[in-house]
Amino acid sequence: MIGPLEGADLVFICVNTPTKAYGLGQGKAADLTTLEAAARHIVRTASQPKIVVEKSTVPVRAAESICTILRANERPGVRHTVLSNPEFLAEGSAVQDLLRPDRVLIGGERTDERSRSGAEACLERLVTMNLWSSELSKLVANAMLAQRISSINAASAICEATGADVSEVALAVGADSRIGPRFLCASLGFGGSCFQKDVLNLVYLCECLNLPEVARYWESVVTLNQYQKYRFADKIIVDLFNTVKGKRIAVLGFAFKKDTGDTRESPAIDVCRRLIDEGALLRVYDPKVASSQIRLDLNQPEPDEASDAAVLTVRLLSCEGAHAVVICTEWSEFSQLDFGRIFASMAKPAFVFDGRNVLDHEALLRIGFRVRAVGKRLDCGGV
Ligand SMILES: NC(=O)C1=CN([C@@H]2O[C@H](COP(=O)(O)OP(=O)(O)OC[C@H]3O[C@@H](n4cnc5c(N)ncnc54)[C@H](O)[C@@H]3O)[C@@H](O)[C@H]2O)C=CC1
Ligand SMILES: O=C(O)[C@H]1O[C@H](OP(=O)(O)OP(=O)(O)OC[C@H]2O[C@@H](n3ccc(=O)[nH]c3=O)[C@H](O)[C@@H]2O)[C@H](O)[C@@H](O)[C@@H]1O
């Protein structure tokens, strides 16, 4: 736990709020134990009034619990204030997002015009509102971003079935200024520590508020994401002649997105687990994820030196003898690879499954690869 708070006027609560799973078909509640522990620590150690800033993403009215704990334990004459100031930065672009945020959101118990104009003088793009709106805005922002990805991924399944191209559809749809072009990249599914957690928190909240239709609506965003990950993995199995048993598959990228080493809820985990369950021998490479982390995520122990039957080899960028190369993360370096050499070293027919649509598919086809991408039908030699 953190140390004493003397000398600080502002105390930021940034602890994680993991989700607690309930039965099938039900949402997940945030585990607020860490928030409560933080609030108790503040009242125990603060002898001067503090402004307690709720920075963690929390279910609506979490600030009420913090206030209740603070009020019930306050020392005489020491009145703390609680603000909600949700964080909107994304991993991989954190500094840029902090320096140039789209908005800085502050929710407070009351909107004091004097402090508001003072804060506005310091901060551009400041938006002030009540506490509950601020807490809900963060959850809805993440839910709508996740929904956007599930929407384009749902479109990708239609594209593959019809011959439409999801990149062209995204271009046309995103050209409508009401929709906008960003965050419309079809993929093998979204990952990261927050989208699924926050959508499921919203689902749980809706269930608690007796809004089952609204709960099911948001839940479908996660259901579709799950479907997309397994759809991608199953496509690999089907295209490799309905079995991957004993086949070597090179997986490029394991982080949940490029420019981070974070693997929390990475779609690569579900895809790799499915392939391992079907008997594939994986080689996983990621420029920023430690091999120990990959083994942990895939429940694979360190290989026994005496045995060459390891299911998983990690951190070796080698596609030699592989039946397929699978792109799970959009690292820029992957598009710079010498695919001519890679093709020459692979078992034939050699497949590429591009789960991020980042490679030059025409060039790969010319080399001789059979190419599969998300939301595109590519001519690949009659399979
Ligand atoms: N990771 C991200 O890019 C973003 C995260 N958020 C939100 O920020 C919060 C934190 O997320 P992350 O930084 O990703 O989580 P994290 O798990 O990486 O960091 C949480 C930190 O809190 C500490 N902690 C946990 N319990 C504690 C306690 N009782 N007392 C003191 N410290 C404690 C942990 O040791 C850890 O250092 C979450 O609510 C998340 O939804 C919001 C926007 C972006
Ligand atoms: O609350 C949070 O933690 C943060 O969650 C996301 O940020 P982050 O999870 O770091 O990363 P994103 O860039 O949003 O990507 C999330 C996932 O969606 C995927 N994605 C993103 C965009 C896209 O078009 N397609 C797509 O599949 C990414 O590859 C990744 O797996 C939000 O973008 C941040 O605004 C928010 O503050």
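**Reading the labels in a predicted model**

Q: What makes up the shell around ligand 1, by class of residue?
A: The shell around ligand 1 has 8 nonpolar, 6 polar and 2 charged residues. This is a predicted model, and the classes are assigned from residue names, with Ala counted as nonpolar and Glu as charged.

Q: Which residues come nearest to ligand 1?
A: Of the 16 residues around ligand 1, the nearest are Asn16, Ala37, Ser56, Thr57 and Glu87. To count as around the ligand, a residue needs its C-beta atom within 6 Å of it.

Q: What makes up the shell around ligand 2, and which residues come nearest?
A: There are 20 residues around ligand 2, and Cys185, Ser187, Phe190, Gly192 and Cys194 come nearest. By class, the shell divides into 12 nonpolar, 5 polar and 3 charged residues. Cys counts as nonpolar and Gly as polar.

Q: Which helix gives the most to the shell around ligand 2, and which domains does the shell draw on?
A: Helix H5, residues 131–162, gives the most, with 3 residues. Domain 1 (10–134) and domain 2 (135–383) each supply at least three residues to the shell.

Q: Why are H7 and H8 called roughly antiparallel?
A: The axes of helix H7 (residues 195–208) and helix H8 (residues 212–239) cross at roughly 165 degrees and come within 8 Å. An angle over 145 degrees counts as roughly antiparallel, and H7 and H8 are therefore roughly antiparallel to each other. The crossing of H7 and H8 is left-handed.

Q: What is the angle between H5 and H6, and what is it called?
A: The axes of H5 and helix H6 (residues 166–174) cross at roughly 130 degrees and come within 9 Å. This makes H5 oblique to H6, because roughly perpendicular ends at 115 degrees and roughly antiparallel starts over 145. The crossing of H5 and H6 is right-handed.

Q: Where is the cis peptide bond, and what is its omega?
A: The cis peptide bond joins Lys348 and Pro349, with omega about -5 degrees. Pro349 sits in the loop between helix H11 (339–345) and strand E12 (351–354).

Q: What is the phi of Phe241, and where does this residue lie?
A: Phi of Phe241 is near 65 degrees, which is a positive value in a residue other than glycine. Phe241 lies in the loop between H8 and strand E8 (248–252).

Q: How do you know what confidence the predictor has in this model?
A: The chain averages a pLDDT of 91, and 91% of the residues score at least 70. The complex is given an ipTM of 0.96 and a pTM of 0.93. Where pLDDT is low, the predicted coordinates should not be read in detail.

How values were computed. Residues numbered from 1 in each chain as written. Chains lettered and ligands numbered in written order. Predicted model: local features only at pLDDT ≥ 70, side-chain atom pairs only at ≥ 80, totals over all residues. Helix = DSSP H or I, 4+ residues; strand = E, 2+ residues; numbered from the N terminus. Domains from an automatic or database assignment. pLDDT = per-residue confidence, 0-100. Axes fitted to C-alpha atoms, helices over the stretch in contact; angles between N-to-C directions. Parallel < 35°, antiparallel > 145°, perpendicular 65-115°, else oblique. Left-handed = near helix turned anticlockwise from the far one by under 90°.
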